[in-house]
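Morning, everyone. Let me put the structure up.

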Amino acid sequence: MIIQSLCRHYDILEKDENVNIPKLGYSSAKISFALVISSDGDLSHIVDLRNDDKKPKPKDMDVPIQKSRSSGVFPYFVCENAKYVFGVEKIKKSDFEKKFDLPPSEGNPIEHKVLEENDKEVTLVYPRSRECFEAFKTLHHVILNDLDDPGVRGFLSFLDSWNPEEFLENPKTHQYKDDLLAGGNCVFECDGIFLHQKSVVRNAWENYSQDEADGKFVSQCLVSGKLEPVAQVHQKIKGVVGAQSAGASIVSFNDGAFCSYEKKQSFNSPISESSMFKYTTALNQLLSSQSNKIRIADTTVVFWAETSDKICKKSCEDLVKLFFAPPETKKNENDQEREKNEEQNVEVSRVQDISKTKQIEDILNKVRIGKKVNQEDIGTDPETNFYVLGLSPNNARLAVRFWYVDRIGGFIEKVARHHLDMEIIRDEYGPRNISIYRLLNETVPQNSDKKAVSPLLGGLIMRSILTNTVYPIPLYSAIMSRVKVEGSINFVRAGFIKAYLLRLSRSGLSNVKQDLITMSLNEESSNVPYRLGRLFAVLEKAQYDTNKEMKSTINSKYFSSASSTPAVVFPVLLKLAQHHVAKSEWGFKSNQLIEQILTGVDEFPAYMNLEDQGMFMLGYYHQRKAFFKKKEVPSIEEVSS
């Protein structure tokens with residue numbers, strides 16, 4: 001299902017003239033240099049294709065497909081790194097000493113020639129680098145030998161005349177030696193055009209690829225249902241956070257225990273070369289786009305709408321990104337300077353953000369009263385298919401954390417319901433929508449430099465949101481634990497506690513009625529744990545009013561035990577409060593509020609379960625916010641009347 005959906009997405013992208021996506025037999029590669037070859041086979045000069053940023057970035061170009069390769073020698077066509085193009089490699093000094101400087105007792109040293117060395121690295125030519133160069137040269141002779149093109153003949157002549165040991169003697173390669181040997185890809189320019197863009201070269205490559213496919217194992221493709229050549233090794237997927245930089249595989253077999261009927265590697269799940277190319281290319285394109293990707297804990301989430309309409313597609317992407325609310329980041333000096341230089345663009349962006357925020361508000365209001373969202377609300381057909389895929393790293397492979405399929409209207413409604421459930425009274429400057437990224441960060445110590453969120457929680461919370469079911473208990477427990485340990489509850493933690501209890505009640509799994517779980521202070525609530533939470537907040541404030549410079553309050557000593565075993569703690573706290581009330585100038589008011597809250601409490605529970613503890617913390621949070629809530633200033637009309 002996942003691969004079929006990605007194949008359909010590729011077909012849509014391929015028909016879109018405004019989207020640059022590789023065609024069958026080609027792939028996108030990051031190119032650092034262009035080697036300009038004359039018709040005589042000489043290296044005329046080297047062009048640096050990287051941008052001018054502080055850290056230069058290679059240029060993305062579509063080149064003949066670069067299939068996954070392991071430790072073997074496997075050259076790519078007309079686009080390679082220096083090891084294959086020049087037969088030279090740079091390695092660490094420590095690795096060189098282990099591999100080449102063997103003592104006589106351990107055998108004969110490997111034949112090699114050192115071209116340059118320093119305290120850290122060694123540039124050399126040795127049998128493996130020569131083998132790579134020879135394989136690269138042989139491949140191009142096999143494919144291009146029959147072509148009568150001056151540029152091609154000059155390129156082949158360059159390969160035939162090149163001597164790896166002269167790498168540093170050539171002034172052109174010597175100028176860029178460090179950058180070339182850093183591993184960046186090189187393409188070739190002949191007669192003023194890149195070799196991989198010449199029509200004769202592309203035709204030769206496609207004919208060669210077709211001849212290779214004719215000799216491959218043929219079976220019925222699980223995706224298309226057609227009898228086609230089956231891909232033995234699938235292309236790597238790049239861009240998943242935490243996975244190997246070279247890419248990782250979704251479909252992969254590397255052990256005999258995973259195979260059956262003596263089939264090798266991916267022949268065990270027959271997917272044709274064309275379907276493999278489509279799904280890997282489409283997924284890599286989604287992962288390379290910031291508008292189709294978010295991160296949740298260790299999971300990289302990609303999403304897309306199945307539509308060819310550019311406006312509808314962008315509307316979906318923008319809306320989903322806004323609902324998911326990307327993590328807040330601090331602006332650095334460069335960002336601030338850039339904003340000063342682009343005041344006009346910032347103003348336009350601000351107006352757009354206000355417009356999008358208004359759009360979200362309208363959607364939330366509709367979902368709140370039970371109405372369905374329509375095309376006018378979201379800017380696209382609500383029946384459009386929408387897909388969400390969560391991937392996480394697993395050594396050299398990728399694990400599918402979750403896979404969700406729905407119409408875009410249904411998806412928006414479920415995410416909107418999540419935000420409505422999370423709504424709670426907060427400070428004026430707090431964001432309206434809490435990102436999943438920030439919510440998960442509340443499960444780890446706030447003063448920790450490394451916020452290592454449990455990898456399981458991201459998948460669990462997404463599953464609850466996308467299926468509109470009860471939130472995961474592990475996440476609820478983790479947030480409750482942080483509140484107890486740190487003795488503080490912010491609007492993110494309080495919002496989730498409220499959302500968890502609300503969905504639990506809505507599903508009939510709780511004795512607490514929905515109308516008792518409110519967004520702000522509910523003074524009429526008869527729920528005892530909720531009242532005890534309010535009482536703790538009042539007792540804490542009474543202590544604070546006596547000495548505002550006090551560093552340690554009852555919160556740091558009693559909060560955790562008060563929320564778990566109130567019968568043990570509250571008699572002590574109430575006795576202590578009498579001293580605070582007597583000393584405070586606001587003592588009468590505090591005493592009055594204590595009596596009002598205790599009116600609905602017949603006895604202190606000996607023990608409170610997690611659900612009751614949540615109500616306790618919600619009452620504590622609501623009461624504290626009520627203390628510091630700004631009083632509304634009466635209008636001129638009200639005063640005059």
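First, a term: two strands pair if DSSP finds at least two bridges between them. Strands themselves are DSSP runs of E, at least two residues, and helices are runs of H or I, at least four, both numbered from the N terminus.

Now the ground rules. This is a predicted model: local features need pLDDT of at least 70, side-chain atom pairs count only at pLDDT 80 or more, and totals for chains, interfaces and linings use all residues. Residues are numbered from 1 along each chain as its sequence is written, and side-chain values use heavy atoms, with hydrogens and water left out.

To the sheet. Strand 6 and strand 7, residues 121-125, pair antiparallel over 4 bridges. Glu 117 has Val 122 in strand 7 as its bridge partner. Step back, and the sheet is open, with 3 strands in the order 5-7-6 and antiparallel pairing. Strand 5 (89-92) and strand 6 (113-117) are the edges, each pairing on one side only.

Next, Ser 510. Where does Ser 510 sit? In the loop between helix 18 (491-506) and helix 19 (528-546). Ser 510 counts as buried because its relative accessibility is 14%; buried means under 20% relative accessible area, exposed over 50%, partly exposed in between, with a 1.4 Å probe and protein chains only.

What does Ser 510 touch? Setting aside neighbours within four places in sequence, Ser 510 contacts Leu 504, Ser 505 and Glu 611, where contact means heavy atoms within 4.5 Å.
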